[in-house]
Amino acid sequence: MPKRPTPQKPNRKGLRQCVGCRGYFVPATLLRLVRQSSTPANPLPAKAPPPLHVVYPAALGLNQKTTTEGVAYNGRSAWCCPTHTCLTTAIKGKQFARALRCPVPEASLLAIQAKITEK
Ligand SMILES: [Zn+2]
């Protein structure tokens, strides 16, 4: 598969790309999926699939606990607009698995989508 060319966009510093619409947004407004990485303080078993954490945009009020960026959840992240459209696009295109470089169960993603759509 040919590699997708990287769009040259100015002023995207500090922004995150949505895996659905590919637009660039302020991180606080996006849904974030984090693949937990193994750290000396919190080692993960070698063969187990890495746990995934969901951080919802604060505006939705869905977060179970307050997390500190880079402390509670550090690891590879996938970002997506908290919208039905972007999530559908990302789920259908398996963009979360691609961005996180690990399998992501579709059922978990659909549950996240349902939670957001309820709001
Ligand atoms: Zn989007």
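## Helix assignment and overall fold

Helices here are DSSP runs of H or I with at least four residues, numbered from the N terminus. Leu-87 lies in helix 1 by that assignment. The model is predicted.

The chain contains three helices and five strands. Their order along the sequence is β-β-β-β-β-α-α-α. Of the 119 residues in the chain, 24% are buried. Counting contacts between residues at least 6 apart in sequence, 60% join residues at least 24 apart.

## Nonpolar core

The largest nonpolar core has 21 residues, and those touching the most other members are Cys-18, Val-19, Trp-79, Cys-80, Ala-90 and Phe-96. Two or more core residues come from each of strand 3 (31-36), strand 4 (52-55), strand 5 (75-80), helix 1 (84-92) and helix 3 (106-118). Helix 1 is the element that gives the most, with four residues.

Phe-96 is among the core residues listed above. Leaving out residues up to four places away in sequence, Phe-96 touches Val-19, Leu-33, Ala-78, Ala-90, Val-104 and Leu-109.

## Surroundings of Leu-87

Leu-87 counts as buried because 25 other C-beta atoms lie within 10 Å, where the cut-off is 20 or more. With residues up to four places away in sequence left out, Leu-87 touches Gly-20, Cys-80 and Gln-113. Of these partners, Cys-80 is also one of the core residues that touch the most other members.

Leu-109 is 22 residues from Leu-87 along the chain, and their C-alpha atoms are separated by 8.1 Å.

Key
Residues are numbered from 1 along each chain as its sequence is written. This is a predicted model: local features need pLDDT of at least 70, side-chain atom pairs count only at pLDDT 80 or more; totals for chains, interfaces and linings use all residues. A nonpolar core is a set of buried Ala, Val, Leu, Ile, Met, Phe, Trp, Tyr and Cys residues joined through C-beta atoms within 7 Å. A residue is buried if 20 or more other C-beta atoms lie within 10 Å of its own, exposed if 12 or fewer, and partly exposed in between; C-beta atoms are placed from the backbone. Two residues are in contact if their C-beta atoms, placed from the backbone, lie within 7 Å.
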